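Work through the exercises below with the sequence and the coordinates open. Each task is followed by a stepwise solution.

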Amino acid sequence: MELAAVILVDGLIYAGWLFIVSVGLTLVFGVLNILNIAHGSLYAIGAYAGASLVGVYFAWGGDAFPYGSYLALILAAVLVAVVVGPILERGLLRHFYGRDEVLNVLVTYAVFLMLEDVMKLVWGVNPYFVYEPYTLLGDVELGPLFYVGYDFAVIGMAIVVGLAVWLSINRTRMGKVVLAVIHDPDMSRAMGVNVPRIYMGAFVAGVFLAALGGAMTAPMISVTPGLGVNVIIIAFAVVIIGGLGSIEGAAIGALMVGLARAASVHLVPEAELFIIYLVMAAVLLWRPEGLFAKAQARKI
Amino acid sequence: MTPALLIGGAVAATALLLAGAVLLPDWAMFLTTMALAKGLVSLGIVGMMRGGLVSFGQGLYYCIGAYVAAMISNGLGVSDIVLVTVLAVAVTGAVGAMFGPLLATYRGIFFAMLSLALSMVLYGTLAKIPAIGGTDGLNVASPTFLGWAPEGRALQTGLYLYVAAVVVIVGTVMRLHFDSERGLITLAVRENELRVEYLGASTRNAMAWNYVFAAMLGGFGGATAALALGHVDPEFAFWTTSGEFVFVAILAGWLSVPAVFVSSIILELVRSFSNLYFPNTWQIFLGGFLLAVIFLLPDGLGSLARNTLRRLRRGTKA
């Protein structure tokens, strides 16, 4: 019984993290129809930017109010989104709207390769450590076990992010416009919607979410080159399980993968590295386009 | 493609590769051996790409081939290169035949991601099994050639010639396959799958066969790479390895078989030289190169040859 509780808590913590790193990927795919491999690099850039900004914050006397380091993490994600997002979208991706999905995967793969080295040029190859935000929230005692408070903050953040994305798409005027663009970009343009701006906005939002995932992770790990390589594949698995472009799907996918991995860590540790892909393969066998994928008409 | 052109191409390729055995310095011969072995893996991807499918998990077969080679040469003491590679191809062909019919019903990114998932499952499994080296991998003994056990330059040359011979044979067979009925159905699937089905052809069957061929080529490439390197590790199945095979396939395009091997050699050259001179920026070149190909040569290097041929024909008519 206790083991089940441990698996549940571990699974939820991991699921929260997974949701934050993958929801941007599904958002960008939903609007732009681009499966962005560079999402992993943007996550890594977010982690580096977060680590750097928190470092700067404490160097400038942040010790007086250490909680400000959380703001520094979020600010880092905003900065990455505002700087990198428009460059990538305006400079490159807009040339590939409406093209083959697989071609777009390759384009973003090229971006991924380039960003990996850009990060080495900017931040060097030595690891960055910022542990302060991680220890700041103290420990949480759950029955006989202690958890780091920050882990629960990640779950909280995932819920806030999920609600914010869902509400802004489903309950705001801007969200309705975005849905219209997803449904039919040409008709939206005819109705006076500035479609390129919607695309750019969605992409910048996706970059922000990727960078936020990275920035939130930075205090938990040592930030080193190659950080994005693993994350992107895990995020792919999550959004494919849920159905590409579906926010609810990403949440369900994150929960399934999170719980499956936690269960595997405690029950079958040998399977830890690939349980995610097993879950994904199983879901695709049962629902070939993911759990929440919309049915599409076939073109003859 | 006319028979004369096909035979001419095969003879020219043979002559070129034979010349390489004499002229290439040691480092270049090793590099070319690896490039040709990996080119075979990419050729399998090109075969699927003709039908619109891009596998982001060909490292699965590359890795299985490599581990089969390692295990039979270490465990069974079989070092004959023909036997080792034939066994590796048999195993990967069987695994491919198991997954092929299933994966043949998926399209686009779902195919790409599912194949990627399979390769990552293998990566995760191998990394966690200490009996076969875990993340460190295994060493592989040098191969022998029908009883002949060379060393040094002779071993390099033997490996090179073996791979070169397979490249010429497989390249010719693949060209014939591309121009066969099944190969042309594959091409039609890319244009419009449903129409092909309505015309009475089985797209699933064509795709499954392409998948099995690609698996066998992947197994051969992996086994040869393992023998040439003398070492295998789970990275063979990691998705970035598969990404490089896709890179070569895209660079080559779907039109030409020789273009695949040319592209593979280009990638290996770019990699070795930039690793040497710009160790921290070579992926920028690689990414930029890929983007340039996608922008400027959407049908790959193979289209250069096609366009030149067309221009020549137009020239003779005028």
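The model is predicted, so local features need pLDDT of at least 70, side-chain atom pairs count only at pLDDT 80 or more, and totals for chains, interfaces and linings use all residues. Residues are numbered from 1 along each chain as its sequence is written, and chains are lettered from A and ligands numbered from 1 in the order in which they are written.

**Exercise 1. Confidence and form of chain B**

Task: State the model scores and describe chain B as a whole.

Solution. 
1. The model has ipTM 0.85 and pTM 0.89.
2. Chain B contains 13 helices and 2 strands, counted as DSSP runs numbered from the N terminus (helices H or I, at least four residues; strands E, at least two).
3. Its radius of gyration, taken over C-alpha atoms, is 19 Å, close to the 20 Å that the globule rule (2.2 Å times the number of residues to the power 0.38) gives for 318 residues, so chain B is as compact as a globular protein of that length.
4. Along the principal axes, the C-alpha atoms of chain B fill a box of roughly 60 × 45 × 40 Å.
5. Buried residues (20 or more other C-beta atoms within 10 Å of their own; exposed means 12 or fewer, partly exposed in between; C-beta atoms are placed from the backbone) make up 50% of the 318 residues in chain B.

**Exercise 2. The core**

Task: Which residues have the most contacts inside the largest nonpolar core?

Solution. 
1. A nonpolar core is a set of buried Ala, Val, Leu, Ile, Met, Phe, Trp, Tyr and Cys residues joined through C-beta atoms within 7 Å.
2. The largest one has 218 residues, and those with the most contacts inside it are A211(A), A237(A), M280(A), A66(B), A69(B) and A117(B).
3. With 17 residues, helix α9 (residues 203–229) of chain B gives the most to this core.
4. Leaving out residues up to four places away in sequence, A211(A) touches residues including L42(A), Y43(A), I45(A) and V80(A); contact means C-beta atoms, placed from the backbone, within 7 Å.

**Exercise 3. The interface**

Task: Describe the side of chain A that touches chain B.

Solution. 
1. The contact takes 33 residues from chain A and 31 residues from chain B.
2. On the chain A side, α4 (101–123), α10 (227–242) and α12 (275–286) each supply at least two residues.
3. The largest share, 15 residues, comes from α4(A).
4. By class, this side has 26 nonpolar, no polar and 7 charged residues. Here Ala, Val, Leu, Ile, Met, Phe, Trp, Tyr, Cys and Pro count as nonpolar, Asp, Glu, Lys and Arg as charged, and the others, Gly among them, as polar.

**Exercise 4. One helix**

Solution. 
1. G253(B), with a positive phi near 80 degrees, follows α10(B).

**Exercise 5. Positive phi**

Task: Is L146(B) buried or exposed?

Solution. 
1. L146(B) has a positive phi of about 50 degrees although it is not a glycine.
2. L146(B) sits in the loop between β1 (138–139) and α6 of chain B.
3. L146(B) has 8 other C-beta atoms within 10 Å, so it is exposed.

Notes
Two residues are in contact if their C-beta atoms, placed from the backbone, lie within 7 Å.
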